[in-house]
Amino acid sequence: MLLLSGWLLALASATLLSPHSCVAAPNPAAGQPGLTMSLTRRALSRRTADDWAAWAQREREFLNLRYGGASLQKRSEGINLLTNQNADSSYYGSLAIGTPPVAFDVILDTGSADLWVADTSCTSSCDKVAVFEAASSSTFKNLSQPFQIVYGSGQASGSLAQDVVQMAGFSISNQVFAAVDQVTNGLLTSPVSGLLGLAWQSIAVSGAPPFWETLASTGAWTDQLMSFQLTRFMNASNVKTEEPGGTFTMGFVNSSLYTGQIDYQSLSTTPSYWLLTISSMTVQGNSITIPTGSSAYAAIDTGTTLVGGPSSAIQNIYAQIPGSAAGTGSWQGYYSYPCSTEVNVAISFGGPSWSVSPADFQLTQISSSQCIGAFFVLSTGTSGNGPSWVVGDTFLKNVYSVFRYNPAAVGFAQLSETALAMNGVSGNPPSATIGSVSASATAGVSSSAASGRWHLDIRTTGSCLIIKHNSDIWDISI
């Protein structure tokens with residue numbers, strides 16, 4: 001996770017010359033007496049057999065519930081409305097921890113795999129956020145294990161615990177999380193109290209199954225996937241600190257928020273980060289040279305604000321923009337370019353090319369004529385400890401993104417007019433809520449193991465043979 005850090009926000013503010021499907025419903029009470037509206041019948045589009053099958057299944061389930069039939073054993077779909085914080089710097093949703101449950105706002109981060117929140121003992125950078133009080137939860141269990149996680153924008157440390165965690169109608173009775181007492185200055189911006197990692201267990205600092213992975217693997221979701229639609233406010237006027245941020249769904253894709261087909265690309269390696277391979281890139285319509293092989297691996301990361309890549313590739317991007325120049329001082333690793341230039345970048349991960357809006361490419365203005373680009377030089381890949389590219393919200397605001405558990409893949413689709421209409425529309429952001437629980441799961445227990453059945457799964461991924469016996473997994477190089 002590489003959140004736009006506090007120093008960058010401070011610098012930008014100091015140097016700038018200027019800087020779900022939820023639709024508002026009509027309110028009958030607001031109308032005038034006698035006011036009428038003409039209605040036009042719309043021709044219905046022809047339904048396919050699959051459309052009818054999906055409708056029939058939902059109709060049957062709805063009627064069973066309405067008229068007293070057997071209730072569903074699980075809630076298969078969940079929606080969490082997001083908040084856009086500080087003009088696209090980060091996006092957060094809400095979850096609840098403990099018994100009774102207490103709601104917290106957390107960054108939703110596909111670039112890490114741990115859940116943590118500030119607790120009452122936090123003495124560093126936690127004074128303006130809601131904190132978790134272990135003594136108030138009857139189901140809290142202290143695991144007495146130290147925890148420390150480091151991001152590109154700071155770090156958090158504390159101790160591991162276990163408690164009930166619920167989100168969007170789903171609940172896990174024994175979710176491992178970290179109650180942190182030390183947070184780097186600028187990592188948390190009120191009202192955010194922590195972070196929910198949505199990457200794979202293999203990179204979890206705690207070693208525990210992430211919340212999403214337990215739900216996906218135990219059959220709690222109709223479809224083993226989660227998806228994002230993110231709003232854009234960075235080019236809007238009079239932006240508030242918190243604005244409506246879009247939608248995060250679990251167990252399904254929201255068809256009202258995208259159009260056309262979802263293009264799925266398999267992960268480049270054994271699941272860890274959500275890694276895809278960048279196959280090509282164009283700038284101003286011109287193809288540029290980018291590294292290949294593992295140097296083209298890109299982490300698709302909702303917790304990152306910008307897009308980082310290898311020095312040579314970033315240099316090639318700005319070489320297509322007349323008047324661009326490498327940044328110096330605090331802007332080292334970034335590039336400036338004329339604000340009057342509309343920069344068009346498109347990226348392909350082996351399928352269609354997906355465009356980045358010029359509004360998203362323009363990070364900020366630093367003089368009367370020069371702007372800073374949102375693509376910057378990333379050094380993690382050169383050290384061998386991380387992917388060469390990190391593709392964050394600068395890109396993800398332009399697509400509907402889907403993260404699929406099995407088979408492991410990331411999918412993209414074009415945003416619908418409904419989704420695009422949310423960009424820049426100011427409103428009240430959703431508040432941290434708890435809601436009711438309709439489906440529960442237990443971490444570490446697969447759906448087959450929970451029912452007492454023996455389960456063996458053997459598959460290959462790249463050069464690895466993966467053998468899974470119930471909740472035990474072995475990776476063998478082949």
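Colleague: Why does Asp360 count as buried?

Modeller: The relative accessibility of Asp360 is 0%, and a residue is called buried when its relative accessible area is under 20%, exposed when that area is over 50% and partly exposed in between, computed with a 1.4 Å probe on protein chains only; Asp360 therefore counts as buried. The model is predicted, so local features are given at pLDDT of at least 70 and side-chain atom pairs only at pLDDT 80 or more, while totals for chains, interfaces and linings use all residues. Residues are numbered from 1 along each chain as its sequence is written, and side-chain values use heavy atoms, with hydrogens and water left out.

Colleague: What makes the contact between Lys397 and Asp360 a salt bridge?

Modeller: The closest N and O atoms of Lys397 and Asp360 are 2.8 Å apart, and the term requires a side-chain nitrogen of Lys or Arg within 4 Å of a carboxyl oxygen of Asp or Glu, so the pair qualifies as a salt bridge. Helices and strands here are DSSP runs numbered from the N terminus, a helix being H or I over at least four residues and a strand being E over at least two.

Colleague: Which residues are linked with Lys397 in a network of salt bridges?

Modeller: The network links Lys397 with Asp88, Arg232 and Asp360, and a search of the whole structure finds four salt bridges. One of them joins the side chains of Lys397 and Asp88 at 2.8 Å, N to O, and this pair lies 309 residues apart, with Lys397 in the loop between helix H6 (393-396) and strand E25 (400-404) and Asp88 in the loop between E1 and strand E2 (90-97). Lys397 counts as buried at 3% relative accessibility, and Asp88 counts as buried at 2%.

Colleague: Which backbone nitrogens does the side chain of Glu243 reach?

Modeller: The Glu243 side chain reaches the backbone nitrogen of Lys240 at 3.0 Å and that of Gly427 at 3.1 Å. A polar contact is a pair of N or O atoms within 3.5 Å, where within protein one atom must be able to donate a hydrogen and the other to accept it, and residues adjacent in sequence count only if both atoms are side-chain atoms.

Colleague: Why does Thr83 count as buried, and what does Thr83 touch?

Modeller: Thr83 lies in strand E1 (residues 78-85) and counts as buried because its relative accessibility is 1%. Leaving out residues up to four places away in sequence, Thr83 touches, among others, Tyr91, Glu243 and Pro429, where contact means heavy atoms within 4.5 Å.

Colleague: How do you know that Cys339 and Cys371 form a disulfide?

Modeller: Their sulfur atoms lie 2.0 Å from each other, and a disulfide is a pair of cysteine sulfur atoms within 2.5 Å, so the pair is called a disulfide. The torsion about its S-S bond is about 110 degrees, so this disulfide is right-handed. Cys339 lies in the loop between strand E18 (335-338) and strand E19 (345-348) and Cys371 in strand E22, 32 residues apart.

Colleague: How many disulfides does the count come to?

Modeller: By this rule there are two, and another joins Cys122 to Cys126, S to S 1.8 Å. Its torsion of about 45 degrees makes that disulfide right-handed as well, and both Cys122 and Cys126 are buried.

Colleague: What makes E17 and E21 edge strands?

Modeller: Four strands form an open sheet in the order E17-E18-E22-E21 with antiparallel pairing, and strand E17 (325-326) and strand E21 (362-365) each pair on one side only. Two strands pair if DSSP finds at least two bridges between them, and E21 and strand E22 (residues 370-373) have three, in the antiparallel sense, with Gln362 opposite Gly373.

Colleague: Why are the buried residues of helix H4 said to line one face?

Modeller: In H4 (residues 311-319), Ala313, Ile314, Ile317 and Tyr318 are buried. Seen down the axis, these buried residues fall within an arc of 135 degrees, so they line one face of the helix, the arc being that of the directions from the helix axis to the C-beta atoms.
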